[in-house]
Amino acid sequence: MSDSSLRLTTTVPLDGAAAFDALLDELVLALARRGLRFEPGPEGRVLEGGAEVGRVLEWEPRGTSPRARLAWRAAPWNPDARAEVLVRVDPAFDACTLSLELSGLDAVLGWEPARERLGWFAGAGAALLQGAAPAALGDWVTDRLARRPSGAYARGAYADPIYHLPNFAVILEELALGPEDVLVEVGCGGGALLHSALASGCRAAAIDHSPDMVRLARETNAEAIAAGRLEIVEGDAARLPFPDASFTCAAMTGVLGFLPDPVAALREMRRVLRDGGRAVILGADPEMRGTPAAPEPMASRLHFYDETQLERIARAAGFEDVRVERRPMFEHARRAGRVAPEHLELFQGAGPRFLFLRKAAAAAHPAAPPASRA
């Protein structure tokens, strides 16, 4: 190891190949969140704003010690100064040690490498400690599991969201979709609701701000996308990438409580609905706080709304026809047939609040007065 190396290590109970694949998958996601696009593989590279900052020199995903080694161009102002990144898995018994090592910074920090390396090291260490402090760690857990889901666990949960099925049943029952409908889903997660909705013969489009969920939703609904019946894009609920009056109906579930500006998001939803278009939105009930539906640390980062607040948000967004209703979930959960019997009691009671919205038809223009006769 060179004297200018920085190494991070962790141990996980996986075999070598599985650990390498999982680490590379997580690196792709983590770098994307920081504006870097990692294209893994033997000819892989890392791009920052279109410029290449890393290129794969060695790619050994299998074997006794899976690894990837990259040339790293840390200093475009000094093109001859090259650092290296080594991603390595060392199996041992029933676990693996994973390491990520950055070396060669002395060539970049040429003016006083030893002292400046300490400064860079302290900055990197501070970022690590900050990420493990309560506020940032709580944000990370919330994003990872619910607000911007990513990773293997989230992909499994959102590909088959058993405990969301009762909510989906209410939404689909209310929308009563048919072949003439065009649905937009805001915050589509893994695409399970879309998959059920498309069985009606409708067409659809959806957004999610999680790249991992967009990828999963596309996989889940690959057949509909190939047939031209569905488009799924990465986007922001407050800036929908669709033209005015594109859809007959809209859905949103598990999203409202995380929105920083719910009025802006609902205003956008109204904009893309046609006159007479309908929408169903699952709210975020105050009673959920601290339950399995909204545990900590998510609960501290959710906005909860009662009936009055939900109606106020919808009307501020411009919706004219607004209803807030609670819908019992127990029968939907029982009929789904997949909720564990011991968990059915979670669906007892009055049920969650839903927003049922309709965009009013444009007022008819008054008839022009008859032309006067001179």
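Student: Which residues of helix 4 (residues 151-159) are buried?

Tutor: In this predicted model, the buried residues of helix 4 are Gly 151, Ala 154, Arg 155 and Tyr 158.

Student: What makes the buried residues of helix 4 line one face?

Tutor: When the helix is viewed along its axis, the buried residues of helix 4 fall within an arc of 100°, and therefore they line one face of the helix. Ala 152 and Tyr 153, on the other side of helix 4, are exposed. The cover over the buried residues includes helix 1, helix 3 (134-147), helix 6 (192-198) and helix 7 (211-220).

Student: Why is Asn 221 counted as buried?

Tutor: The relative accessibility of Asn 221 is 2%, and the term buried requires a value under 20%, so Asn 221 counts as buried. Asn 221 sits in the loop between helix 7 and helix 8 (222-226), where, leaving aside residues up to four places away in sequence, it touches Gly 191, Leu 194, His 195, Leu 198, Leu 230 and Ile 232.

Student: What makes the approach of the Asn 221 side chain to the backbone nitrogen of His 195 close enough for a polar contact?

Tutor: A polar atom of the Asn 221 side chain lies 3.4 Å from the backbone nitrogen of His 195, which is within the cut-off of 3.5 Å for a polar contact.

Student: Why is the aromatic pair of Phe 20 and Trp 59 called edge-to-face?

Tutor: A search of the whole structure finds four aromatic pairs. In the pair formed by Phe 20 and Trp 59, the ring centres are 5.5 Å apart and the planes make an angle of 75°; because pairing requires centres within 6.5 Å and edge-to-face requires planes over 60 degrees apart, this pair is edge-to-face. The pair links distant parts of the chain, with Phe 20 in helix 1 (residues 16-33) and Trp 59 in strand 4 (residues 51-60), 39 residues apart. Phe 20 has a relative accessible area of 1%, and is therefore buried. Phe 242 and Phe 247 form another edge-to-face pair, at 5.3 Å centre to centre and 80° between the planes, and both of these residues are buried.

Student: Which members of the largest nonpolar core touch the most other members?

Tutor: Among the 32 residues of the largest nonpolar core, these are Phe 242, Met 252, Leu 266 and Leu 357. Helix 9 gives the most to this core, with five residues. Leu 266, residues up to four places away in sequence not being counted, has contacts that include Met 252, Ile 281, Phe 319 and Leu 357.

Terms used:
Residues numbered from 1 in each chain as written. Predicted model: local features only at pLDDT ≥ 70, side-chain atom pairs only at ≥ 80, totals over all residues. Heavy atoms only, no water. Phe/Tyr/Trp six-rings, centres within 6.5 Å; stacked < 30°, edge-to-face > 60°. Helix = DSSP H or I, 4+ residues; strand = E, 2+ residues; numbered from the N terminus. Buried < 20%, exposed > 50% of the residue type's maximum accessible area, 1.4 Å probe, protein only. Arc of directions from axis to C-beta. Contact = heavy atoms within 4.5 Å. Core = buried A, V, L, I, M, F, W, Y, C linked by side-chain atoms within 4.5 Å. Polar contact = N/O pair within 3.5 Å; in protein donor to acceptor, adjacent residues only side chain to side chain.
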